[in-house]
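Visitor: I'd like a close look at a single part of this one. Could you walk me through it?

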Amino acid sequence: MEMRYSTHPEHAKHFTTEELRQHYLIQDLFVPEEVKLVYTHEDRVIIGGIYPVNKSVALEGSDQIKAATFLERRELGVFNVGGSGTVKVDGETYELATKDCLYVGKGGKELIFESDSSEKPAKFYIVSALAHTTYPTKKQSFADVPSESLGSQETANNRTLRRYIHDEGIQSCQLVMGMTTLENGSVWNSMPTHVHDRRMEVYFYFELEENARMFHMMGEPNETRHLVMKNDEAVISPPWSIHCGAATGSYTFIWGMAGENKTYKDMDQVAMSELR
Ligand SMILES: O=C[C@H](O)[C@@H](O)CC(=O)C(=O)O
Ligand SMILES: [Zn+2]
């Protein structure tokens, strides 16, 4: 598991392109038959990819978190962004079709990830946060998750937002997770932009064409920077950072947050005039 320490905004504004990428960008999430994990000290969130192609893959505890099982002190959000597959939690099997989500509460011991077929393997994107109590393990399918339309064609940000793990959906300690899909021809997400000093956030971009690139914006509102990203990459947003972007084509992204306030609407909008 790769460790990433938190960064101070005064420090971050001096980063070179390469340093920005080292601290915030997460690449190569899906390695066949492996669990790839990144531990960020931003709200102690773990971000990862699990890609079982020909055999099942287990998510286990490690010396780095001094825990015999991964969920000893944590909760977990799983999104399947590949072909259909299953997650087995202590012997109970949950079928996850593409874009379905599973929440696993603190204390779940055996976690086994498997694809239905190696021709079209499942790809599991995960976000995990510290948990103080156990909320029930629960699946939310893409087919019946409520959706809302945001943006407009004129501003190239027509998109559909779906909340899975949140106050009025799957219950959790800290985790808030959902998915936003850009309509054809729309490229901007989360603009006008915002910050939420009470929570960190991670954006995972997928369904981008191979040659398409995401220009993801970060930094304090008056010190913006950008990272150029491609398909299946994630980016850590510290609580002081804006997080929005425009790509050279349409795409979908999964947003995951953790911190002190789970309320989705707890966001401080940034006025256009503040941006630098
Ligand atoms: O804090 C919330 C998150 O940044 C996202 O939910 C925003 C988003 O998906 C969008 O506007 O497209
Ligand atoms: Zn946000």
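Visitor: Which residues does M177 touch, not counting residues up to four places away in sequence?

Guide: Quick housekeeping: this is a predicted model, where local features need pLDDT of at least 70, side-chain atom pairs count only at pLDDT 80 or more, and totals for chains, interfaces and linings use all residues. Residues are numbered from 1 along each chain as its sequence is written, and chains are lettered from A and ligands numbered from 1 in the order in which they are written.

Now, M177 touches G77, C101, V127, Y164, I165, I254, W255 and G256, contact being C-beta atoms, placed from the backbone, within 7 Å. M177 is also among the five residues that touch the most other members of the largest nonpolar core, along with V78, V202, F204 and Y205. That core has 67 residues; a core here is a set of buried Ala, Val, Leu, Ile, Met, Phe, Trp, Tyr and Cys residues joined through C-beta atoms within 7 Å, and buried means 20 or more other C-beta atoms within 10 Å of a residue's own.

As for the strands (DSSP E runs of at least two residues, numbered from the N terminus), β15 covers residues 176-182 and pairs antiparallel with β14 over six bridges; pairing takes at least two DSSP bridges. In that pair, R163 stands opposite G178. Five of the seven residues of β14 are buried.

W255, one of the M177 contacts, is also in the shell around ligand 1, as are G178 and T180; shell residues have their C-beta atom, placed from the backbone, within 6 Å of the ligand.

Technical notes
A residue is buried if 20 or more other C-beta atoms lie within 10 Å of its own, exposed if 12 or fewer, and partly exposed in between; C-beta atoms are placed from the backbone. Helices (H or I, at least four residues) and strands (E, at least two) are DSSP runs, numbered from the N terminus. Two residues are in contact if their C-beta atoms, placed from the backbone, lie within 7 Å.
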